[in-house]
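Dear colleague,

I am handing over the structure below, together with an account of what was found in it. Please read the notes with the sequence and the 3D view side by side.

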Amino acid sequence: MNNEIKNPSRFYKPVSMASCLSLLILTTGNVCARSLDPGETETVTPGSAPEAWYIPPAAVLNLNGADALEIEVGRGTLNAQSATTAQIDAFSGATVNLTDSTVVNTTTNAALSLLDSRATITTSSLNSQGYALTLARDLRPVSIGSSATITNSTLTGELGGGAVT
């Protein structure tokens, strides 16, 4: 039996110059992402390059006047003082403390999403094309639910300021 392809050119499609340039642009960005170790504490100060972060159990990320990209908080703690960040997702008993900070999400996801987590938001601003803040509880039998204490802050979303599920 001969498994040779008789006309291999029929499997290739021409690629436009625009497609090649788009791929080149997408692969040359300088986006940094950091994952803290469990129990680690990291403090980011002004002038640091913005990074995406993952904060695992018992880890603490302090943003003191710094900018950050997307942040995931999994049973860790995020403390943001005079910071600006992209979307924040907190889950599994995470703690988020925002003071004089701004969280902006340019998608329909929430600026701050809490799943079985808690947040304290003071003199801060949450903005999203979806909801500014979502609070949810996991459907597992053991679930702690979510809570947020909001003081002198602005929650703006195209779908609404907040949603509780």
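I begin with Gln-87, which in this predicted model is buried, with a relative accessible area of 12%; it counts as buried because the limit for that class is under 20%. Gln-87 lies in the loop between strand S8 (84–85) and strand S9 (88–91). The side chain of Gln-87 makes a polar contact of 2.9 Å with the side chain of Asp-89, and another polar contact, of 3.0 Å, joins the side chain of Gln-87 to that of Asn-105. When residues up to four places away in sequence are left out, the residues that Gln-87 touches include Leu-69, Glu-70 and Ile-71, as well as Val-103, Val-104 and Asn-105. Also among them are Thr-107, Asn-109, Ala-110 and Ala-111.

Among contacts between residues at least 6 apart in sequence, 27% join residues at least 24 apart. The chain exposes about 9,800 Å², of which carbon and sulfur atoms supply 55%.

Six of the strands form an open sheet in the order S2-S4-S7-S10-S13-S16, and their pairing is parallel. Strand S2 (41–44) and strand S16 (147–151) stand at the edges with a single partner strand each, so one side of each has no neighbour in the sheet. Direction ignored, neighbouring strands of this sheet are turned by 5° against each other on average.

The pairings inside the sheet can be followed strand by strand. Strand S4 (residues 60–64) runs parallel to strand S7 (residues 77–81), and five bridges join them; within this pairing, Val-60 has Thr-77 of S7 as its bridge partner. S7 is in turn joined by five bridges to strand S10 (residues 95–99), again in parallel, and here Thr-77 stands opposite Thr-95 in S10. S10 then pairs in the parallel sense with strand S13 (residues 118–122) over five bridges, with Asn-97 opposite Thr-120 in S13.

Which residues does Leu-78 contact, leaving aside its neighbours within four places in sequence? Leu-78 belongs to strand S7, and at 0% relative accessibility it counts as buried. Its contacts are Ile-55, Leu-61, Leu-63, Ile-71, Val-73, Ile-88, Thr-95, Val-96 and Asn-97. The C-alpha atom of Leu-78 is separated by 6.2 Å from that of Asn-62, although these two residues are 16 residues apart along the chain.

Arg-75, in the loop between strand S6 (71–74) and S7, has a positive phi of about 65° although it is not a glycine. Asn-152, in the loop between S16 and strand S17 (154–157), likewise has a positive phi, near 50°, and is a residue other than glycine.

With kind regards

Definitions and conventions. Residues are numbered from 1 along each chain as its sequence is written. This is a predicted model: local features need pLDDT of at least 70, side-chain atom pairs count only at pLDDT 80 or more; totals for chains, interfaces and linings use all residues. Side-chain values use heavy atoms; hydrogens and water are left out. Two strands pair if DSSP finds at least two bridges between them. Helices (H or I, at least four residues) and strands (E, at least two) are DSSP runs, numbered from the N terminus. Axes are lines fitted to C-alpha atoms, for helices over the stretch in contact, and angles run from 0 to 180 degrees between N-to-C directions. Buried means under 20% relative accessible area, exposed over 50%, partly exposed in between (1.4 Å probe, protein chains only). A polar contact is a pair of N or O atoms within 3.5 Å; within protein, one must be able to donate a hydrogen and the other to accept it, and residues adjacent in sequence count only if both atoms are side-chain atoms. Contact means heavy atoms within 4.5 Å. Accessible areas come from the Shrake-Rupley method with a 1.4 Å probe; for residues, only the protein chains shown count as cover.
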